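Here's a quick briefing to read with the model open on your screen. Take a look at the fold before you dig in.

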Amino acid sequence: MLKSQSLAATHELKVYTKDAMAKGQPVQIECIDICGQTYAIANGPVTVMGLEDDWFEDVVDPEVVIETLKTSAGFKPDIFTFWQRPPDVDPKHPFHVEWEELAVLPIKSYDHWWNHQIKSRIRSQIRKAEKEGLVVKEAAYDDDFVRGMTAIFNEAPVRQGRKFWHYGKDFQTIKRQFSRCIHREDMIGAYYQGELIGFIMMGNAKRYGVTGQIISAIKHRDKSTNNALIAKAVELCATKRLPYLVYLYWGDDSLAEFKRRCGFEKTRVPRYFVPLTQKGKLALKLGFHRGWKQLVPKQLKTSLKTLSAHWHGLRGAD
C-alpha cells in the first residue's frame, strides 16, 4: 500500500531548478522530488539522476524511485544512480554495481586513535605544533572566522598543482557561499598568535563526520596544521559519538598518503547504476555512464595531472 501511494503521489514528476555550488562557483541545477527526497539531474549525452545530498542521506526505497521514474509520463533519466553510505559496505540490491573508494577513519575513542591508529611521527608533529603556540578549537561561523577564511583562500591561486576554486573571492562572497550548509557543520579553527591559519568545516552525517572544506595557510606549513585539525576532528567525532570520520574519496596522490598517515583506511562502498532507457543501457555497457574522464587510461591520466600541475605552477609563479 505504501509503495502504491508513493507512486501515485509522484507520478507527475516536475523538474525545477535550485541554487547549488559546483567547482567553487554558484550554479543552478535541475532537480525533481520523489517520496520527499530531492534528486539532482546531470544533463549531457547521457542524463544521470542521483540523490542530491547522498553524503548525508540514503535513498529511502530505491525500488519505488525506479518504478516511479519508469511509469512517469514526464521526466525519465537515462540512468538512476545511488550508493550505500559507510559503514553499510555489503551490496544488498540486485542492480549493476561499481565500487567507490572512500577514506574512512574508524573511531573508538580519541585515545585509541592517538595511541594505535597513527604513527609516532604524526604525534610528534602535533605536539611540536602545540609547543610552538598552535591552538586548535571549535569556532563560530562569524565575521572574524570568514575574514580568516578569505585570507587563506587568497594566499595562492594554485594549490596541490591545481587552480584553486576559491582564490580571488571577497569576504561577502565567501560568507554567502559557505553559509549554505552551516546548519549541519561544525567549524574547527587552527590559530597561531590569534590568526586563523587553517580550518575544517566538518559535516555531521549522523553515522559519520565528513570533512567538507579543510585547508591551511601555506606560509605556516611548518606548523603541521592539517594534522592538528584532523586530531581535533577525531576528538569532536568521539565526543558526538560519531563512529567514523570520512575524508571524501581515497585517490592516488599525495593527499592519499596524508590520509593514510592520519589513520584513514581505503574503504570500498557499492554504487549502483540502473539504466532506464535504451540509451542508458548502451551507455552503461560502453562505460559512458561516469563521463569521459573515467574512460581515460590511468597512466595517461597521471601524465595529464602532472602536466596540469606543472602548467598551473608556472601560472601561479607569474
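This is a predicted model: local features need pLDDT of at least 70, side-chain atom pairs count only at pLDDT 80 or more; totals for chains, interfaces and linings use all residues.

Residues are numbered from 1 along each chain as its sequence is written, and side-chain values use heavy atoms, with hydrogens and water left out.

**The sheet**
- There's an open sheet of 12 strands with mixed pairing, in the order E1-E2-E3-E4-E5-E14-E6-E13-E12-E11-E10-E7. Strands here are DSSP E runs of at least two residues, helices are H or I runs of at least four, and both are numbered from the N terminus; two strands pair if DSSP finds at least two bridges between them.
- Strand E1 (16–22) and strand E7 (134–139) sit at the edges with a single partner strand each, so one side of each has no neighbour in the sheet.
- On average, neighbouring strands of this sheet are turned by 35° against each other, direction ignored.
- E1 pairs with strand E2 (residues 25–34) in the antiparallel sense, over 7 bridges, and Ala22 stands opposite Gln25 in E2.

**Helices**
- Helix H4 (residues 120–131) and helix H7 (residues 225–239) have axes that come within 9 Å and cross at roughly 100°. That makes H4 roughly perpendicular to H7 (the label covers 65 to 115 degrees).
- Axes are lines fitted to C-alpha atoms, for helices over the stretch in contact, and angles run from 0 to 180 degrees between N-to-C directions.
- Ile122, Gln125 and Ile126 in H4 meet Asn227, Ala228 and Ala231 in H7, where contact means heavy atoms within 4.5 Å.
- H7 also lies across several strands, including E7 and strand E11 (195–204), and runs at about 40° to E11.
- Helix H9 (residues 278–286) lies across strand E5 (79–83), E6 and strand E14 (265–275), at about 145° to E14.

**Ala40**
- Ala40 lies in strand E3 (residues 37–42).
- Ala40 and Ile29 are 11 residues apart in sequence and 6.9 Å apart in space, C-alpha to C-alpha.
- The structure holds 1 cavity of 30 Å³ or more (a set of points on a 1 Å grid over the protein atoms alone where a 1.4 Å probe fits but cannot get out).
- Leu51, Asp54 and Trp83 are among the residues that line the largest cavity, each lining residue having an atom within 4 Å of a point.

Definitions and conventions:
On a 1 Å grid over the protein atoms alone, a cavity is a set of points where a 1.4 Å probe fits but cannot get out, and a pocket is an open set with protein on both sides within 12 Å along at least five of seven lines; lining residues have an atom within 4 Å of a point. Grid points are joined across faces, edges and corners, and a volume is the space filled by probe spheres set on the points. Angles under 35 degrees count as roughly parallel, over 145 as roughly antiparallel, 65 to 115 as roughly perpendicular and the rest as oblique.
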